[in-house]
Amino acid sequence: MTRVRFAPSPTGNLHIGGARTALFNWLFARSKKAEFILRIEDTDVKRSQKEYIDEILNSLKWLGFDWDAIYYQSKNFDKYLEFAQRLVKEGKAYIEDKAVIFKVPQKKIKINDLIHGEIEFDTATLKPQVLIKSDESPTYNFACVVDDATQEITHIIRGDDHISNTPKQILFYEALGFTVPVFAHLPLILATAGGRMSKRKGATSISEYRALGYLPEALVNYLLLLGWSPGENQEIVTAKEALKKFNIEKANKTAAAFDINKLDWINAHYIKNTPLEDLFEKIKPFLEQKGYDLKDFDRQYLLNLIKLYQGRISKLTDFADWADFFFKDGLVISEELKEKHFSKDLTKEFSLLAQRIASLDSFTIEDIESSFRDLVKELGIKTKELVHPVRVALTGKEIGPGLFETMFYLGKEKLLKRLNCIAQAQNKEAA
RNA sequence: GACCCCAUCGUCUAGCCUGGUCUAGGACAAGAGCUUUUCAAGCUCUCGACGCGGGUUCAAAUCCCGCUGGGGUCACCA
């Protein structure tokens with residue numbers, strides 16, 4: 001039975017790098033008849049926290065990775081101790097200050113990494129390795145080996161930062177008489193500016209990206225592209241498709257820089273392809289978070305609004321940010337926009353437009369457009385001379401969906417109120 | 001510093017294994033234009049890379065060596 005594992009340490013949230021490692025393990029297992037297990041490496045009792053375990057598990061679920069079993073290292077302390085004592089008995093380790101320490105045999109170790117090929121180490125550079133600390137808890141490398149062996153892990157897919165742990169671990173496998181598994185070391189993900197990813201260089205945890213309005217399928221697609229290519233110049237690859245094409249040996253050797261622009265582009269793509277009803281459910285929490293009471297609005301109306309924006313947003317949060325004027329009663333227009341668009345007196349134009357709209361028999365997008373265009377023609381001005389100021393007056397923004405659709409969905413009442421409000425303000429200024 | 005890993009446009013990559021079809025392909029970003037109802041949408045176009053130096057070979061992005069550069073690891077953290 002082929003079995004792989006993802007082994008996070010609950011001393012922090014699931015970050016981008018961890019998620020990518022989990023993805024590759026999950027893909028590896030699910031693309032063949034293999035098992036994918038989770039192992040929580042919580043041997044550092046002081047730093048490990050329950051909240052982190054929950055956060056990691058939730059993030060993995062959110063990304064769509066399911067697992068066949070979950071183990072906790074904190075429950076295996078007896079086992080580690082037992083194996084360590086066996087090594088002491090066999091003379092391969094000794095006790096010093098209550099700690100169990102491994103005697104490093106001098107030899108060359110060769111591994112055949114699935115991604116890197118052959119890597120050779122000389123154990124002469126290794127110091128004696130602590131197996132069990134004086135408080136009876138195991139060290140990372142030892143617990144890792146004992147678990148990987150007893151949990152019958154056949155392939156270890158992990159980050160490049162573990163390459164230098166590998167010779168130490170192989171020594172333990174050999175001393176304990178275990179079969180050495182196959183290794184595959186994935187390149188690291190670098191921050192956009194280069195160097196290690198850190199909070200200072202932008203969001204790092206999966207939950208942050210979730211809160212930022214990214215779709216799990218977009219994140220998975222992006223992470224997949226970061227270090228693996230399906231070939232044929234394909235950029236959009238769903239997890240389902242990747243399952244058919246995945247091959248760990250085709251994974252890249254090069255560390256990749258995280259590029260938020262490309263993630264945004266992929267996210268926009270998935271948003272465009274999400275069925276409207278689903279998109280609504282996904283956007284809903286972000287609207288509620290902004291304090292908009294959705295009970296005030298008809299469901300179909302909200303769906304129409306989202307449809308208006310579906311093709312132009314790149315994050316779920318964009319809708320709540322860009323379409324805010326539909327939900328708010330008052331409207332705040334920045335001084336900058338006022339200066340740019342209302343420096344010319346438009347009292348007459350705004351009042352006339354308000355009159356025309358008010359007297360409209362049927363309030364449809366087409367009727368709004370024709371009365372708007374008629375007015376523009378009568379006034380002898382260019383369409384955009386009125387479009388832009390009106391857009392700002394109604395939305396507080398320079399950009400958005402088509403103006404007539406915006407006017408329609410804003411509704412006659414709010415539309416007239418905002419138009420008149422600006423006209424009055426300009427009147428006052430003139431006086 | 002020692003050991004290890006890596007090296008194609010600004011970024012992600014295809015090509016490398018099995019040299020020639022590569023005046024190096026795609027995507028993101030950027031720039032220009034169109035769309036004249038905006039752009040943060042769409043379409044079109046442009047810019048832009050084999051790190052350097054040696055080999056091997058008729059021929060090297062592709063194979064070999066060195067250098068340089070970047071990264072990782074050197075804990076009784078994981």
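A residue counts as buried if 20 or more other C-beta atoms lie within 10 Å of its own. By that cut-off, eight of the eleven residues of helix H5 (residues 166-176) are buried, so H5 is largely enclosed by the rest of the structure. The model is predicted. Chain A has 19 helices and twelve strands. RNA strand B is surrounded by 59 residues.

**Overall build of chain A**

- The radius of gyration is 30 Å, well over the 22 Å that the globule rule gives for 431 residues, so chain A is more spread out than a compact globule.
- Along the principal axes, the C-alpha atoms fill a box of roughly 100 × 45 × 35 Å.
- Of the 431 residues, 32% count as buried.
- Take the contacts in chain A with a separation of 6 or more: residues 24 or more positions apart account for 75% of them.

**Helix H5**

- The buried residues of H5 are Thr166, Pro167, Lys168, Gln169, Ile170, Leu171, Phe172 and Ala175.
- These buried residues pack against two helices, H3 (77-89) and H4 (140-150).
- They also pack against strands S6 (108-113), S7, S8 (129-132) and S10 (182-186).
- Just after H5 comes glycine 177, with a positive phi of about 75 degrees.

**Nonpolar cores**

- In soluble globular proteins, nonpolar side chains tend to be buried together.
- The largest nonpolar core here holds 83 residues. Leu23, Ala84 and Leu131 touch the most other members.
- Helix H1 (residues 16-30) supplies the largest share of this core, nine residues.
- Leucine 23 touches Phe65, Val220, Leu223 and Leu224, leaving aside residues up to four places away in sequence.
- Another core lies apart from the largest one and has 16 residues. Among them are Leu346, Met407, Leu419 and Ala423.

**Surface near RNA strand B**

- The closest residues to RNA strand B are Ser9, Glu41, Lys133, Tyr140 and Thr383.
- Two strands give two or more residues each to this surface: S7 (117-122) and S12 (256-257).
- Helices H9 (260-272), H12 (316-322), H17 (383-395) and H18 (403-410) also give two or more residues each.
- By type, the surface divides into 19 nonpolar, 21 polar and 19 charged residues.

Methods:
Residues are numbered from 1 along each chain as its sequence is written. Chains are lettered from A and ligands numbered from 1 in the order in which they are written. This is a predicted model: local features need pLDDT of at least 70, side-chain atom pairs count only at pLDDT 80 or more; totals for chains, interfaces and linings use all residues. A nonpolar core is a set of buried Ala, Val, Leu, Ile, Met, Phe, Trp, Tyr and Cys residues joined through C-beta atoms within 7 Å. A residue is buried if 20 or more other C-beta atoms lie within 10 Å of its own, exposed if 12 or fewer, and partly exposed in between; C-beta atoms are placed from the backbone. Helices (H or I, at least four residues) and strands (E, at least two) are DSSP runs, numbered from the N terminus. Two residues are in contact if their C-beta atoms, placed from the backbone, lie within 7 Å. A residue is near a molecule or strand if its C-beta atom, placed from the backbone, lies within 6 Å of it. Ala, Val, Leu, Ile, Met, Phe, Trp, Tyr, Cys and Pro count as nonpolar, Asp, Glu, Lys and Arg as charged, and the others, Gly among them, as polar. The radius of gyration is taken over C-alpha atoms; the globule rule is 2.2 Å times the number of residues to the power 0.38.
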